[in-house]
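Subject: Model handover

Hello,

Here is the model you asked about. Please open it alongside this note. My findings follow below.

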Amino acid sequence: MKNVKKIAVALVLFVAATGFVNAQNKIAHINVQQLLSEMPEMKSAQAELKKLQETYKADIESSMTELKNKYTQYSNEATSKSEEENQKRAVELQGFEKNIQEAEQAAVQEMQKKQQELFAPISDRAKQAIEKVAAAQGFQYVVDASPGLSLIVAKGTDLLPAVKQELGF
């Protein structure tokens, strides 16, 4: 009876240890930020965003230059104009400045919208590739190893090379 208990305990410990070892092998990691930054689609999306940003920046700088020119003109002419005319000009300048601020806010919102529109399909494609590689290699969990996240030690399997191969680069 003692031998049966010893064998049962040994068997339970063996199964638990085997399960623990197998569980350790079911976790992998990948630096998602690195993957995304190396994807060719991401590079072209970033270039498109930069081009759009430069367009907005040029428009706003042009408006700011126009505002400065009007301010300088109105300041120089202030002594030769009536108080009522100067007040109208001040209101006009304030309205112009408000329009520039609204244009800046609209540009920021448009940039965020465009970024989401461009990056979402790229992110989805990367996620699908990660899931496919993880499933093919038998991993149940994949931890994001991007800098600044909570992964402290990454000595396990790194899926980055396999996912890059899956994506074709």
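Why are Lys114 and Glu117 separated by about one helical turn? The two are three residues apart in helix H4, so about one helical turn lies between them. In an α-helix, residues three or four places apart point the same way, because there are 3.6 residues a turn. Before going further, please note that this is a predicted model.

**Salt bridges**

The side chains of Lys114 and Glu117 meet in a salt bridge, at 3.3 Å from N to O. Lys114 has 22% relative accessibility, so it counts as partly exposed. Glu117 is partly exposed too, with a relative accessible area of 47%.

Lys98 and Glu102 meet through their side chains in a salt bridge of 4.0 Å, N to O. They are four residues apart in H4, and therefore separated by about one helical turn. Glu102 is partly exposed, at 40% relative accessibility.

A search of the whole structure finds 11 salt bridges. One of them joins the side chains of Glu92 and Lys70, with 3.0 Å from N to O. This pair links distant parts of the chain: Glu92 sits in helix H4 and Lys70 in helix H3, 22 residues apart. Both ends are partly exposed. Glu92 has 36% relative accessibility. Lys70 has 24%.

**Helix H3**

H3 covers residues 40–77, which is 38 residues. From first C-alpha to last it reaches 56 Å. That is close to the 56 Å expected at 1.5 Å a residue. Its buried residues are Met42, Ala45, Leu49, Ile60, Leu67 and Tyr74. What do the buried residues of H3 pack against? They pack against helix H2 (32–38) and helix H4 (83–137).

**The sheet**

Three strands make an open sheet, in the order S2-S1-S3, with parallel pairing. Strands S2 (141–144) and S3 (157–158) stand at the edges. Each has a single partner strand, so one side of each is left without a neighbour in the sheet. S1 and S2 pair in the parallel sense over four bridges. Ile30 stands opposite Asp144 in S2.

Strand S1 (residues 27–30) also includes Ile27. This residue has 38% relative accessibility, so it counts as partly exposed. Together, Ile27, Tyr141 and Val143 make a nonpolar surface patch of about 270 Å².

**The loop between S2 and S3**

Ser146 lies in this loop. Is Ser146 buried or exposed? Ser146 is buried, because its relative accessible area is 4% and the cut-off for buried is under 20%. Leaving out residues up to four places away in sequence, Ser146 touches Ile30, Asn31, Val32 and Gln33. Take Val32: it is 114 residues from Ser146 in sequence, but the two are 5.9 Å apart in space, C-alpha to C-alpha.

**Where to look**

For a quick tour, open H4 and find Lys114 with Glu117, three residues apart. Go on to the Glu92 and Lys70 bridge, which links H4 with H3. Finish at Ser146, in the loop between S2 and S3.

Best wishes

Methods
Residues are numbered from 1 along each chain as its sequence is written. This is a predicted model: local features need pLDDT of at least 70, side-chain atom pairs count only at pLDDT 80 or more; totals for chains, interfaces and linings use all residues. Side-chain values use heavy atoms; hydrogens and water are left out. Patches are made of residues with over 30% relative accessible area and no salt bridge: like charges are joined within 9 Å, nonpolar side chains (Val, Leu, Ile, Met, Phe, Trp, Tyr) within 5 Å. Accessible areas come from the Shrake-Rupley method with a 1.4 Å probe; for residues, only the protein chains shown count as cover. Buried means under 20% relative accessible area, exposed over 50%, partly exposed in between (1.4 Å probe, protein chains only). The expected span of a helix is 1.5 Å times one less than its number of residues. Contact means heavy atoms within 4.5 Å. Two strands pair if DSSP finds at least two bridges between them.
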